Amino acid sequence: MKLNNKRTVLVGLAFLSICAFWQMYDNVVPLILTKTFHLNETFSGAIMAADNVLALFLLPFFGSLSDRTKTRYGKRMPYIVIGTVAAVIMLLILPGLDNGYYAAPSTGKLVGFVVILGLLLVAMGTYRSPAVALMPDVTPKPLRSKANAIINLMGAVGGILYLAVAAVMYPNSKVQGLDHVNYRPLFLVIAGIMVVSIVLLIFTINEPKLTDENQALEAEHPEWNLAEDDGSGHEVLPAPVKKSLGFLLASIALWYIGYNGVTTWFTTYVDQVMGQGLGGASTCLLIATAGAIISYIPIGVIAEKIGRKKTIMIGCVMLAACFLAGFFLTTAFKSINVIMFIVFALVGFAWAAINVNSLPMVVEMCRGSDIGKFTGYYYTASMAAQVLTPVLAGTLMRNISYKVLFPYAAFFVACSFVTMMFVMHGDAAPEARKGLEAFEDMDD
């Protein structure tokens, strides 16, 4: 059994477009809220948390709904296409409201910005779970860690595309000292990336055909299914599997509290603590994303040899240590330096170790017809964390000190290590291979 790399890359185009958008959203929207609309950290943090509040309901709903959807185009593709089109329309309206408010401030423009931002977040929420569920739909269970490594690689490519564009278009020398920055060109680039990605996906992936083929293969391997018949013809999870799922979802929530706290506030943190602008912050995040890109495929191989759980726990230890190092570096220095680049590269590796294996562990516990629902569980845990962390971290930074950000993140990531110790299922680690055999399944 071999993973079809080319097909997995094409499936990952949807995730590439999603990650390009969210990387921009997390980096730019807080700056617009605080610098253009002059909202304090608590209010801007609440608005930043709104996407996660909506996602808390939208992602499980549309994930489960897509499980039950039947069209000649598939069950995931209609949500992906319609959601992308709606999101791009809203995305192109936002910079006009931002620039308009700076030119002539008014309550109506602020309200309009928030309303359009809300509609944009709804559009994104309609297709994120279906887009992510597409990979396990067309990939056999034993190969999903490797496939998810490629999917995350595609997501990282989306993020790095944004970061590279932001670093080139908005260096410190260009934006430092400006009262207002026009982000319209940046928004246009991201909209273009989203449209091109989804058009390619539509014309290269036949979802109904590939899903049917994968379901036929899994029917030949009932040992892959952890669910049991409850006696009435319905499949249910055994109690020990439910317990593992609960601890896994708790772990997901905890490491997202830590990690998303940093990604949401890092540009503002660097501005306040180090006096660096968007370009400097984007360079650090670019290094972290590059570290993740380099790590994804090796992480897939490592997980195959030592298991998903151990790989995740190693990632938790590294991520917590890197956040502690980030605290000392950003408070000891007044400018971005080489040591910080190294630390952020290790952040990328650590986050890759966690991300490559967490979603496959969740969907490993479900039957094929429930992939969208279990993907929704994954996002319920991560989004619940992200509802909390922008507001909590923003409030702590405002009332205590901006310097609390990295210790805050390290603490919650360390807690996720503890809860992962109680996860006993979803770790489908194939027999380890030696030498070149470790790479044979990476062929098309």
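Reader: Which residues does Arg 144 touch, not counting residues up to four places away in sequence?

Author: This is a predicted model, in which local features need pLDDT of at least 70 and side-chain atom pairs count only at pLDDT 80 or more, while totals for chains, interfaces and linings use all residues. Residues are numbered from 1 along each chain as its sequence is written, and side-chain values use heavy atoms, with hydrogens and water left out. With contact meaning heavy atoms within 4.5 Å, the residues touched by Arg 144 are Met 135, Pro 136, Thr 139, Asn 214, Glu 218, Arg 308, Pro 360, Val 363 and Ile 371.

Reader: Is Arg 144 buried or exposed?

Author: Arg 144 belongs to helix 6, residues 144-169, where a helix is a DSSP run of H or I with at least four residues, numbered from the N terminus. Buried means under 20% relative accessible area, exposed over 50%, and partly exposed in between, with a 1.4 Å probe and protein chains only. Because its relative accessible area is 1%, Arg 144 counts as buried.

Reader: How many disulfides does a search of the whole structure find?

Author: A disulfide here is a pair of cysteine sulfur atoms within 2.5 Å. The sulfur of Cys 322 has its closest cysteine sulfur in Cys 316, 12 Å away and so too far for a bond, and the sulfur of Cys 415 lies 11 Å from its closest one, also in Cys 316, which is again too far. For the whole structure, the number of disulfides found is zero.

Reader: What is the mean pLDDT of the protein?

Author: The pLDDT is the predictor's confidence in each residue, from 0 to 100, and 91% of the residues reach 70 or more. Over residues 429-444, however, the pLDDT is below 50. For the protein, the mean pLDDT is 84.

Key:
Helix = DSSP H or I, 4+ residues; strand = E, 2+ residues; numbered from the N terminus.
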